[in-house]
Amino acid sequence: MSETKVLTEFYHLPEYQTLAGYKAKGGYETLPKALKMQPQAIIDEVKASGLRGRGGAGFPTGMKWGFLPKNGEPRYLLCNADEGEPGTFKDRMMMERAPHQLIEGMIISAFAVGSHKGYIYVRGEYVFPIECLNKAIKEAYDAGLLGKNILGSGFDFDLDVYRGAGAYICGEETGMISSLEGLKGQPKLKPPFPAVQGYLRKPTIVNNVETLAAVTYIVKDGAQTYRKHGTEKSAGTKLFSVSGNVAKPGNYEVPLGYPLLDLINKECGGMKPGRKLKAIIPGGSSAPVLTAEECAKANLDYESLAGLGTMLGSGAVIVMDDSQCMVDMLGVLTHFYAHESCGQCTPCREGTGWLNKILHSILEGRGRLQDIDLLVKVADNMKGKTICALSDAAALPVLSFVTKFRDEFEFYVREGRSKVKGTTYAEMHH
């Protein structure tokens, strides 16, 4: 196997960003076909394709669409382009290189679910992607691809970009809806799920950029063609954002089920010269870390990674070599989650703060051996006890790092310095 470019085939062409460039490569040719189909037929095709949400949860897209009530309007289609987790940058590339691909996918998806209004929720720091989207949306309106009576079909769909303030929690669908409603970006209790009661308490579908872009290709070529890529339960291709100590970091599209080490060694050119693989976080910073030995058994699909006690998540692959201090790395992660907790749930608000304080007391040479077990105890008490998954996202890396690299934590506590680097925290970050 090798990189398989379904969504990203033309991303190397600068003109693909424009309406003319997108059309020159077959863009918007699927839209007329979709608008002549029955909406339910599109939903059935997406269900048959096995497409699962590419934002992190991996929930079957067609099934999610099927949760919409039969009646009830208005209903909304929201594109989750918040992409706030460390190591993720695939959606940014998609919005910059192929904004019309997302717009076409959204029009088709909106037609399927009966929505006439959509928003693309983008984190505020993504200034250039927002410019690209706004320019493409204007082009689409001018060409009659958005707005009233699209291509003479009688279907209306309006689309806007909403610029968020850049909070990680707004990537969670109900947190995003709160933000879009003008409220503090805090998640809501489910049920009711957004499909039943979402934006402005109306039926709402929230899908990721990559998910919506894939819908066009499923309608164009059919579910079975899409299923030729990937595995039985994890169908299609997926974009992986690879960062860290590899020769060629970047975004790579491969079939689901692709061996993790092939992604590193073939697509990314292997590790940096002279370094050895130590560990990989395979699905965004909230996913439990894999040791080098575990990486050898891992395939990039939902089932294989779950079998190794971790997850595919957002597809952000963070690679660490033998020069990486795991105590320092975990310090970066716990600081991020403590900063990004919205503070609504006590186990998350207090737990993320305590994890960060305990870990940084170790890093600054004030740790005790019992603090290592205290980290595990606090993390254990945070799992599954909050409205959203941020608490788990903070706890799971702690549990996996401490369990798999405990010797580094114990050395740090005893010596007050890193086992790998031989230096103190202050010296590491001088």
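Analyst: Happy to. One term to begin with: a nonpolar core is a set of buried Ala, Val, Leu, Ile, Met, Phe, Trp, Tyr and Cys residues joined through side-chain atoms within 4.5 Å. Also, keep in mind that this is a predicted model.

User: Got it. Which residues touch the most other members of the largest nonpolar core?

Analyst: Those are Ile 120 and Phe 157, in a core of 61 residues. Helix H6, residues 99–113, gives the most to this core, with nine residues.

User: And what does Ile 120 touch?

Analyst: Leaving out residues up to four places away in sequence, Ile 120 is in contact with Cys 79, Ala 81, Leu 102, Met 106, Leu 133, Ile 137, Leu 159, Asp 160, Val 161 and Tyr 162.

User: How many residues are in the second core?

Analyst: That separate core has 51 residues, including Tyr 121, Tyr 168, Ile 318 and Met 428.

User: Switching to pockets: what volume does the largest one have?

Analyst: The largest pocket has about 1,300 Å³. Its lining consists of 48 residues, and Gly 55, Gly 56, Ala 57, Gly 171 and Glu 172 lie nearest the centre.

User: Which element supplies the largest share of that lining?

Analyst: Strand E4 does, with five residues. Helices H4 (61–66), H5 (90–97) and H17 (390–404), like strand E4 (204–208), each supply at least two residues.

User: What's the lining like by class?

Analyst: The pocket lining has 19 nonpolar, 18 polar and eleven charged residues.

User: How many cavities of 30 Å³ or more are there?

Analyst: The count is one. The largest cavity holds about 70 Å³ of space. Of the 13 residues lining the cavity, Cys 342, Cys 345, Cys 348, Cys 388 and Leu 390 lie nearest its centre. By class, the cavity lining has eight nonpolar, five polar and no charged residues.

User: One last topic, strand E6. Why is E6 largely enclosed by the rest of the structure?

Analyst: Because six of the six residues of E6, residues 250–255, are buried. Buried here means under 20% relative accessible area. On one side of E6 sit Gly 250, Tyr 252 and Val 254, on the other Asn 251, Glu 253 and Pro 255, and both faces are covered.

User: Which strand is joined to E6 by bridges?

Analyst: That's E5, residues 237–244, which runs antiparallel to E6 with six bridges joining them. For instance, Lys 238 stands opposite Val 254 in E6. A hairpin connects E5 to E6 through five residues.

Definitions and conventions:
Residues numbered from 1 in each chain as written. Predicted model: local features only at pLDDT ≥ 70, side-chain atom pairs only at ≥ 80, totals over all residues. Heavy atoms only, no water. Buried < 20%, exposed > 50% of the residue type's maximum accessible area, 1.4 Å probe, protein only. Helix = DSSP H or I, 4+ residues; strand = E, 2+ residues; numbered from the N terminus. Contact = heavy atoms within 4.5 Å. 1 Å grid on protein atoms, 1.4 Å probe; cavity = no way out; pocket = protein on both sides within 12 Å on 5 of 7 lines; lining within 4 Å. Points joined across faces, edges and corners; volume = space filled by probe spheres on them. Nonpolar A, V, L, I, M, F, W, Y, C, P; charged D, E, K, R; others polar. Pairing = 2+ DSSP bridges.
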